[in-house]
Amino acid sequence: MTRSFKELTTEQFESFAQTHPAGSYLQTAAQSRLLARRGWQTSLVGLVEENQVVAAAVLAWIPVRMGNMFQIDGGMLIDFSDQDLVAAFVDGVMAFAKEHRGLFLRIMPNAIYRRFDDEGQQIGNTESTVIDALTRIGFEHTPATKGWTTNSSPSWQYVKSLQPILDAQDTTKALRSSFGKDGKYYLKKTDQFGIKVRRLEKADLPDFKALTQDTANRLNYHDKDLDFYQTVFDEYGDDAYFVFAEMNFPAYIKGQQQARDHLAEVVANLDARIAEKPNYKKLKRQRAEYADQHKQHEKRITQAKMAHEQAGKDVVTIAGALFLATANEMIYLYSGTYDEYKNFYGPYAVQEYAFEQALKRQIPHYNFYGISGVFDGSDGVLGFKQGFSGHAEEKVGSFVRPINGPKYAIYHFLKKILARG
């Protein structure tokens with residue numbers, strides 16, 4: 001049996017990656033092209049056995065002090081339980097990296113260490129196969145950390161299996177039924193408000209950037225630049241879903257007026273019945289409840305008319321997001337919400353749209369992506385995602401192995417000194 005490590009063609013790589021159970025958007029030819037346009041050097045590499053690819057990865061590298069840092073984010077695509085296969089693949093990467101001034105290799109596998117329910121209680125067994133396979137061949141392991149990072153794929157994520165929904169006779173009904181109480185409630189509201197979701201064209205991306213930048217400014221984090229979003233649009237093509245949730249003020253106000261007028265009739269009928277039965281407490285309670293609902297609609301109409309006037313247009317964007325699709329999963333990457341329209345619950349409509357697209361494409365897995373890994377109620381992002389009923393996952397962390405040992409020791413020492421300063 002002859003194994004050879006080589007650079008793969010796009011067709012070879014995609015044929016293997018799109019069917020691999022650990023595949024993700026990070027391990028696609030599109031991601032390789034995106035990284036190349038963002039300043040990295042990249043190569044699609046693989047281990048070939050009897051003319052068949054048996055392992056592969058998007059290998060990327062970028063200059064650091066004293067050499068190049070090599071990185072495999074979201075990979076390798078390999079059977080980590082086959083120690084010989086892992087060793088052979090890493091040997092190939094190391095040899096390739098040495099030829100390209102490699103200083104060290106960092107791997108962040110798309111592999112799960114532990115799973116948790118919404119209360120933070122572990123589900124099932126701990127899975128250490130990946131950790132064992134890489135530490136046995138000289139990698140230093142850094143476990144997943146809690147908190148947020150923008151430097152690489154997140155250490156913690158929230159996910160949902162779509163397979164039970166795909167197996168249902170009525171996927172539309174099964175999808176909405178699968179959500180938690182909050183998800184169902186707020187989606188019912190978006191139905192009532194007439195919120196519509198629109199997939200964007202490339203010409204709309206400056207507006208998308210304006211939305212995400214507004215959100216980043218409000219929440220104090222660094223947003224991606226417009227060029228990044230345009231590059232994603234170009235490189236991922238039909239697999240990139242840039243979407244807006246929009247509200248039509250005239251339609252919304254008309255719907256609220258119809259609901260208000262209907263409630264006015266209900267209250268008037270109850271008044272007539274109470275006049276006949278003044279001591280019937282149940283009728284008075286019902287009247288109070290419906291009268292309160294009538295007030296709420298009046299309030300919404302007044303607020304919407306003011307917002308309509310301030311906006312100066314009939315249709316406004318209230319929220320938006322970017323999703324990427326692979327054969328394995330639909331992943332939720334970046335998003336934004338205009339604070340003045342937060343009470344219209346646009347993010348819920350956007351998520352349901354992405355779920356629907358995943359089901360149309362027979363994608364079995366939905367990835368809400370990053371969470372902090374903290375389950376004490378302080379993570380509002382987690383709280384939002386829990387409304388759709390999934391579970392949390394802790395990844396295996398990251399692994400580093402020197403390529404040029406002496407230089408890496410100096411690099412590591414200098415990095416520590418500079419960090420102290």
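The expected span of a helix is taken as 1.5 Å times one less than its number of residues. Helices (H or I, at least four residues) and strands (E, at least two) are DSSP runs, numbered from the N terminus. The model is predicted, and local features need pLDDT of at least 70, side-chain atom pairs count only at pLDDT 80 or more, and totals for chains, interfaces and linings use all residues. Residues are numbered from 1 along each chain as its sequence is written, and side-chain values use heavy atoms, with hydrogens and water left out.

Five residues of H7 are listed as buried, namely Gly-183, Leu-187, Lys-189, Thr-190 and Phe-193. Buried means under 20% relative accessible area, exposed over 50%, and partly exposed in between (1.4 Å probe, protein chains only). Seen down the axis of H7, the buried residues fall within an arc of 150°, so they line one face of the helix. The arc is that of the directions from the helix axis to the C-beta atoms. An α-helix has 3.6 residues a turn, so residues three or four places apart point the same way. The exposed residues Lys-181 and Lys-188 are carried on the face of H7 turned away from its buried side. After H7 comes Gly-194, with a positive phi near 75°.

The cover over the buried residues of H7 includes helices H6 (171-178), H10 (249-276), H11 (281-311) and H12 (346-360). Contact here means heavy atoms within 4.5 Å. The axes of H7 and H12 come within 9 Å and cross at roughly 100°. Axes are lines fitted to C-alpha atoms, for helices over the stretch in contact, and angles run from 0 to 180 degrees between N-to-C directions. H7 and H12 are therefore roughly perpendicular to each other; angles under 35 degrees count as roughly parallel, over 145 as roughly antiparallel, 65 to 115 as roughly perpendicular and the rest as oblique. On the H7 side, the contact is made by Asp-182, Gly-183, Tyr-186, Leu-187 and Thr-190, and on the H12 side by Tyr-348, Ala-349 and Glu-352. These residues divide into four nonpolar, two polar and two charged. In this division Ala, Val, Leu, Ile, Met, Phe, Trp, Tyr, Cys and Pro count as nonpolar, Asp, Glu, Lys and Arg as charged, and the others, Gly among them, as polar.

H10, with 28 residues, reaches 41 Å from its first C-alpha to its last, close to the 40 Å expected at 1.5 Å a residue. Its buried residues include Phe-249, Tyr-252, Gln-256, Arg-260 and Leu-263, as well as Val-267 and Ile-274. Among the elements that cover the buried residues of H10 are H7, H11 and the strands E11 (240-248) and E12 (315-325).

Helix H8 (residues 205-219) contains Leu-205, which is buried, with a relative accessible area of 0%. Leaving aside neighbours within four places in sequence, Leu-205 is in contact with Leu-226, Tyr-229, Gln-230, Phe-233 and Phe-242. Thr-212 also lies in H8 and counts as buried at 1% relative accessibility. Residues up to four places away in sequence not being counted, Thr-212 touches Tyr-221, Asp-223, Tyr-229 and Ser-335.

Most residues other than glycine have a negative phi, and most peptide bonds are trans. Gly-75 and Met-76 are joined by a cis peptide bond, with omega about 5°, and Met-76 lies in the loop between strand E4 (67-73) and helix H3 (83-98). Gln-362, a residue other than glycine, has a positive phi near 60°; Gln-362 is placed in the loop between H12 and strand E14 (365-370) and counts as exposed at 55% relative accessibility. Tyr-369 likewise has a positive phi, near 70°, but is in strand E14 and counts as buried at 10% relative accessibility.

Overall, the protein has 14 helices and 16 strands, and its C-alpha atoms fill a box of roughly 90 × 45 × 45 Å, taken along the principal axes. Of the 421 residues in the protein, 46% are buried. Among contacts with a separation of 6 or more, 76% are accounted for by residues 24 or more positions apart.
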